[in-house]
Amino acid sequence: MPSTSVFGAQWGDEGKGKIIDRLAREADIVARYQGGANAGHTVVVADEKYVLHLIPSGILHPGKINVIGNGVAVDPLVLLEEVDGLRQRGIAVDGSNLVVSAGAHLILEHHKRLDILSERWKGTGRIGTTGRGIGPAYADKCSRTGLRVGDLLDADRFRERLEATLIEKNAWIAKVHGEEPFDLEQSFQRYAAIGERLAPFVRDTGALLRRSYAEGRSILFEGAQGMLLDLDHGTYPYVTSSNTGVGGIGPGAGFPPSKIDRAIGIAKAYCTRVGEGPFPSEDHGAQGERLRELGCEYGATTGRPRRCGWFDAVSARYTLELNGADGWVMTNLDVLTSFEEIPVAVAYEARGERYAEYPASLPSLDGIEVVLEKRPGWKEDITGVRRYEDLPQAARAYVEWVEEAVGTPIVLLSVGPERDQVIPRGI
Ligand code: GDP
Ligand code: IMO
Ligand code: MG
């Protein structure tokens, strides 16, 4: 398929990295279009684990072009660290397989500081951000005070724009938060030194994507975060600051939405969430704890334990519909092995009302109760299964029942973190 959008259909960490890496075998280009180093995408290749924050998950395949589009919030320090880290592990990274948009907004040190200070200020109302400066950087973009990757390539321009913004940020940091302001000269020197190293990667990535598509090359758009963290359609205000699904691709990659040929959602066979905010099917008891341990559910970016709960068919139906998904991938099915019974949320209830569809009309999901239905579990180890018909009957029944409840076909199953631990089902 010439262009495919791959997006998270839950609250992030659905296994997008693994699936993108898998699908990248047949793609020419992998492009990120939103988010920043708040993402942590894990790819496991023969016992080697790679966690990618900014670089697309196609980087482990030689010969693919990896694009960081204009909609990504780029922390240049993290980007170069990631480049160095991959090179140290023998992965070639240069301007031929990694390109960065000149128009991508920069995350600078004051954004990271303000992210942390703003969370402190909010106290118990905090969002539980990753602290990577995402919100403040996107706020600057919308306020038209942001600095962009292209600015780093011109020292005079960079200095002028940094000075203009730092005056305001420093006032905020010192007067509102009572903290030490940044020194302009030190900040300038830190980033000015980086421009030269970044220059070989910087391109007009939108033109590259559009031309490649016109020439028949295939593109994978790698979503970060998940649709329930989407700025517009997620559980606001407990969301991230970008449009995480198909809708983010047009503005965030400079690629025409009319040319997106296929959309594939990724969702776990259960649910997790990191940070604060509503999570209707969360299991606060021993079963949730068991999911966390069996699924190694600890954040790839911050190491925080992930909150765990059951598959939520109501929200999955909503996120897949929002993106016009042609299919979805169910990951981590192996983690459900050994559960006697597996609950799934099939409806919501609040204030005496039952909701079969996601209640986007409510101001928040706070106080929502879920209606759970249980399916029988299985005991057999499924991590070595590669053909759908070889799965235990109960596992197949679970998959088919969830698929029916969600209403979109499951095109691939994932039964372990490794590249090849997948069961094709139509992809
Ligand atoms: P992403 O942010 O969506 O790329 O997901 P993360 O990498 O943050 O988290 C997914 C975690 O699950 C990683 O540790 C993966 O290695 C792991 N993983 C991916 N697919 C599977 C699977 O099918 N089974 C198991 N047990 N782990 C998986
Ligand atoms: P990947 O791409 C899971 C969550 C944070 C917090 C909220 C806002 O690996 O799936 P932010 O730092 O973006 O301002 O935090 O969003 N969050 C993620 N949760 N996976 C992610 O990315 C996330 N990126 C942000 O925990 O609740
Ligand atoms: Mg992740």
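Visitor: Which residue forms a salt bridge with Arg425?

Guide: This is a predicted model. A salt bridge is read from a side-chain nitrogen of Lys or Arg within 4 Å of a carboxyl oxygen of Asp or Glu. Here Glu403 is the partner of Arg425, with the closest N and O atoms 2.9 Å apart. Glu403 lies in helix α12 and Arg425 in the segment after β17, so the pair links parts of the chain 22 residues apart.

Visitor: Is Glu403 buried or exposed?

Guide: Buried means under 20% relative accessible area. Glu403 is buried because its value is 17%, whereas Arg425, at 21%, is partly exposed.

Visitor: How many salt bridges does the structure hold?

Guide: The structure holds 25. Among them is the bridge between Arg190 and Glu109, at 2.3 Å from N to O. That pair joins helix α7 to helix α3, 81 residues apart. Arg190 is partly exposed at 41%, and Glu109 is buried at 14%.

Visitor: Which residues coordinate the magnesium ion (ligand 3)?

Guide: Look for donor atoms within 2.8 Å of the metal. Asp13 (OD) and Gly40 (O) coordinate the ion at 2.0 to 2.2 Å. Asp13 is in the loop between β1 and α1, and Gly40 in the loop between β2 and β3. Gly40 counts as buried, at 11% relative accessibility.

Visitor: Which residues form the negative surface patch?

Guide: Asp154, Asp156, Glu160 and Glu163 form the patch. Asp154 sits in the loop between α5 and α6 and is partly exposed at 35%.

Definitions and conventions
Residues numbered from 1 in each chain as written. Chains lettered and ligands numbered in written order. Predicted model: local features only at pLDDT ≥ 70, side-chain atom pairs only at ≥ 80, totals over all residues. Heavy atoms only, no water. Patch = residues over 30% accessible without salt bridge, like charges linked within 9 Å, V, L, I, M, F, W, Y side chains within 5 Å. Areas by Shrake-Rupley, 256 points an atom, 1.4 Å probe, with all protein chains shown as cover. Lys, Arg positive; Asp, Glu negative; His and termini not counted. Charge placed at Lys NZ, Arg CZ, Asp CG, Glu CD. Helix = DSSP H or I, 4+ residues; strand = E, 2+ residues; numbered from the N terminus. Buried < 20%, exposed > 50% of the residue type's maximum accessible area, 1.4 Å probe, protein only. Donors = N, O, S within 2.8 Å, 3.2 Å for Na, K, Ca; no water.
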